Amino acid sequence: MPLDPSFIGRSYPPSQPYDVSREKIREFADAIGATSPAYRDAEAAKALGHRDVIAPPTFAIVVSMKTNETVMFDPELKLDYSRVVHGDQSFTHHRPITAGDQLVSVAHIDAVTSRMGNDMITVRTEISTVDGELVTTAKSMLVVRGEDA
Amino acid sequence: MTVEVGTELPGISVRLKRDDLVRYAGASLDFNPIHWNEKTAKDVGLPDVIAHGMLTMAVASRIVAEWIGDPGAIVEYGCRFGRPVVVPNDDEGALVEVTAKVTKDFEDGTVKVNINAAFDGKSVLTGAFARVRVG
């Protein structure tokens, strides 16, 4: 059954705050083989003008995961997770995610389309500090493969 | 720093093996079994276990971070996931080769860098780009 286009424009409640830690950033940097001192050494990050170590550009996917799951498992949306493929992804960093940040994510459904038996859904997640400073905008386009696709 | 359109970034090659996929699963909390369980991958029609698209995307970002020095200068980064990176259970794994080139000066202190990540001779990320602050 195709996804319901009336979900376009729907927003979900803010997530619980995510505490960004130096250790999680280091773990993520290790997992992607990234060697930049700005991910590991607070002094090196400060020398570049950052408050503390910063996160790699795709780390926001970890921060927004819980929120995106709320969308994917929304019982009203009836999205078959077993048929989901990640279509595209983008991040706009208003500033780098930094150790010590407490971040809240809010997901919005920007688009629902159908093409050749597949459904496409675009989820925009706005990631802000608990004080309301916008940090990162993440956009994910998910493809739900049709039964015959 | 002054950056001219047409500048090619120093390329990087990254070998992804099964243990890299498990490590990324743990770090990213993406435990989808198609990234570590051969049976599940084959059951859904894949040739073998595949790398997380987000891992390939993250690995490709390194070419820009290593070139610019301050990864905080990457203000935008996006791509489409064109093809999977298939990772066999052996010592070779999958070799991802990343190249990139400055393609546009936005004239606001940022430039556009187009990124290509190839596996098995074919591009795996489509339209991958970063907008990078250089001034």
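1. A:D52 sits in the loop that runs between α2 (42-47) and α3 (60-63) of chain A. The model is predicted. A:D52 counts as buried, because its relative accessibility is 13% and the cut-off for buried is under 20%. Leaving aside residues up to four places away in sequence, A:D52 touches A:R22, A:A42, A:A45, A:T98 and A:A99.

2. Next, the salt bridges. Over all chains the count comes to 21. Side chains of opposite charge can pair when their charged atoms come close. One of the pairs is A:D110 with A:R124, whose closest N and O atoms are 2.9 Å apart. This pair links distant parts of the chain. A:D110 lies in strand β3 (residues 102-115) of chain A, and A:R124 lies in strand β4 (residues 118-129) of chain A. The two residues are 14 residues apart. A:D110 has a relative accessible area of 30%, so it is classed as partly exposed.

3. In chain B, look at B:R18 and B:D48. Their side chains meet in a salt bridge, with an N to O distance of 2.8 Å. B:D48 counts as buried at 12%.

4. Helix α1 of chain B also holds B:D20 and B:R23. Their side chains form a salt bridge at 3.7 Å, N to O. The cut-off for such a bridge is 4 Å, so the pair qualifies. B:D20 and B:R23 are three residues apart in the helix, which means that about one helical turn separates them. Their accessibilities fall in separate classes. B:D20 is buried, at 18% relative accessibility, whereas B:R23 is partly exposed, with a relative accessible area of 43%. Elsewhere, A:R51, A:R95, A:D101 and A:E133 are joined into one network by salt bridges that share partners.

5. Now the contact between the chains. Chain B contributes 28 residues and chain A contributes 29 residues. About 2,300 Å² is buried between chain B and chain A. Carbon and sulfur atoms account for 62% of that area. How many salt bridges are there between chain B and chain A? The count is zero. Polar contact is present, with eight residue pairs between the two chains, both residues at pLDDT 80 or more.

6. Which elements of chain B supply at least two residues each to the side that touches chain A? They are α1 (18-28), α3 (53-68) and β2 (74-81) of chain B. α3(B) gives the most, with nine residues. By residue class, the side of chain B that touches chain A divides into 15 nonpolar, six polar and seven charged.

7. Strand pairing also links the chains. Strand β2 (residues 84-93) of chain A pairs with β2(B) in the antiparallel sense, over five bridges. Which residue of β2(B) is the bridge partner of A:Q89? It is B:C79. β2(B) is also among the elements that supply at least two residues to the side of chain B touching chain A.

Technical notes: Residues numbered from 1 in each chain as written. Chains lettered and ligands numbered in written order. Predicted model: local features only at pLDDT ≥ 70, side-chain atom pairs only at ≥ 80, totals over all residues. Heavy atoms only, no water. Contact = heavy atoms within 4.5 Å. Buried area = accessible area lost by both parts, 1.4 Å probe. Polar contact = N/O pair within 3.5 Å; in protein donor to acceptor, adjacent residues only side chain to side chain. Helix = DSSP H or I, 4+ residues; strand = E, 2+ residues; numbered from the N terminus. Nonpolar A, V, L, I, M, F, W, Y, C, P; charged D, E, K, R; others polar. Pairing = 2+ DSSP bridges. Buried < 20%, exposed > 50% of the residue type's maximum accessible area, 1.4 Å probe, protein only.
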